[in-house]
Amino acid sequence: MLVTALALHIGYEKSVEIAKQGDRQGLTLREAAVESGYLTKDQFDTWVVPQNMI
């Protein structure tokens with residue numbers, strides 16, 4: 001569910017790529033997102049706020 005917050009900023013395809021990478025490598029969404037190079041830790045922390053998603 002959290003990966004949907006990224007789609008607004010980096011697009012659906014990149015978000016799916018990050019989610020799949022994290023699943024394959026056993027990474028958290030944050031780790032996979034930063035490792036992808038599409039965003040920084042600060043961007044992730046700003047964009048992915050679970051409390052804002054309810």
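Figure 1. Leu29 counts as partly exposed because its relative accessibility is 21%, and buried residues must fall under 20%. The model shown here and in the other views is predicted. Leu29 has its place in helix α3. Setting aside neighbours within four places in sequence, Leu29 is in contact with Leu2, Val3, Leu6, Ile18 and Phe44. Leu8, which stands 21 residues from Leu29 along the chain, has its C-alpha atom 16 Å from that of Leu29.

**Figure 2. The packing of helix α2 against helix α3.** Two packed helices are described by the angle between their axes and by the distance between those axes. For α2 (residues 12–25) and α3 (residues 29–36), the angle is about 115° and the axes are 8 Å apart. The crossing in which α2 passes α3 is right-handed. Helix α2 contributes Ile18, Gln21, Gly22 and Gln25 to the contact, while α3 contributes Leu29, Ala32, Ala33, Glu35 and Ser36. Sorted by class, the contact of α2 with α3 holds four nonpolar, four polar and one charged residues.

Figure 3. Gln21 is placed in helix α2. This residue is classed as buried because its relative accessible area is 10%, and the limit for buried is under 20%. The side chain of Gln21 makes a polar contact with the side chain of Glu35, at 2.8 Å. When neighbours within four places in sequence are left aside, Gln21 is in contact with Leu27, Ala32, Glu35 and Ser36. Among these residues, Glu35 also belongs to the contact that α3 makes with α2.

**Figure 4. The packing of helix α1 against helix α2.** The axes of α1 and α2 are 7 Å apart and form an angle of about 140°. Helix α1 passes α2 in a right-handed crossing. From α1, the residues Val3, Leu6, Ala7 and Ile10 meet Tyr12, Lys14, Ser15, Ile18 and Ala19 of α2. The residues of this contact of α1 with α2 comprise seven nonpolar, one polar and one charged.

**Figure 5. Ser15 and Lys14, two residues of helix α2.** Ser15 has its place in helix α2, and Lys14 lies in helix α2 as well. Is Ser15 buried or exposed? Ser15 is buried, because its relative accessible area is 3%. The side chain of Ser15 reaches the backbone oxygen of Gly11 at 2.8 Å. Apart from neighbours within four places in sequence, Ser15 is in contact with Val3, Leu6, Ala7 and Ile10. Lys14 has a relative accessible area of 36% and is therefore partly exposed. The C-alpha atoms of Lys14 and Val3 are separated by 10.0 Å, and these two residues are 11 residues apart along the chain.

**Figure 6. The largest nonpolar core.** Which residues form the largest nonpolar core? Its nine residues are Ala5, Leu6, Ile10, Ile18, Ala32, Ala33, Leu39, Phe44 and Val48. Helices α1 (3–10) and α3 each supply at least two residues of this core. The most is given by α1, with three residues. One of the core residues is Ala33. Neighbours within four places in sequence aside, Ala33 is in contact with Leu6, Ile18, Tyr38, Leu39 and Phe44.

**Figure 7. Val48, a core residue in the segment after α4.** Val48 lies in the segment that follows α4 and is among the members of the largest nonpolar core. Val48 is buried because its relative accessible area is 8%. Not counting residues up to four places away in sequence, Val48 touches Leu2, Ala5 and Leu6. Ala32 is another member of the core. Val48 and Ala32 are 16 residues apart in sequence, and their C-alpha atoms are 13 Å apart in space.

**Figure 8. Asp42, an exposed residue of helix α4.** Asp42 is found in helix α4 (residues 41–47). Asp42 counts as exposed because its relative accessible area is 59%, and exposed residues are those over 50%.

Notes:
Residues are numbered from 1 along each chain as its sequence is written. This is a predicted model: local features need pLDDT of at least 70, side-chain atom pairs count only at pLDDT 80 or more; totals for chains, interfaces and linings use all residues. Side-chain values use heavy atoms; hydrogens and water are left out. Axes are lines fitted to C-alpha atoms, for helices over the stretch in contact, and angles run from 0 to 180 degrees between N-to-C directions. Helices (H or I, at least four residues) and strands (E, at least two) are DSSP runs, numbered from the N terminus. A crossing is left-handed if the near helix is turned anticlockwise from the far one by less than a right angle, and right-handed if clockwise. Contact means heavy atoms within 4.5 Å. Ala, Val, Leu, Ile, Met, Phe, Trp, Tyr, Cys and Pro count as nonpolar, Asp, Glu, Lys and Arg as charged, and the others, Gly among them, as polar. A nonpolar core is a set of buried Ala, Val, Leu, Ile, Met, Phe, Trp, Tyr and Cys residues joined through side-chain atoms within 4.5 Å. Buried means under 20% relative accessible area, exposed over 50%, partly exposed in between (1.4 Å probe, protein chains only). A polar contact is a pair of N or O atoms within 3.5 Å; within protein, one must be able to donate a hydrogen and the other to accept it, and residues adjacent in sequence count only if both atoms are side-chain atoms.
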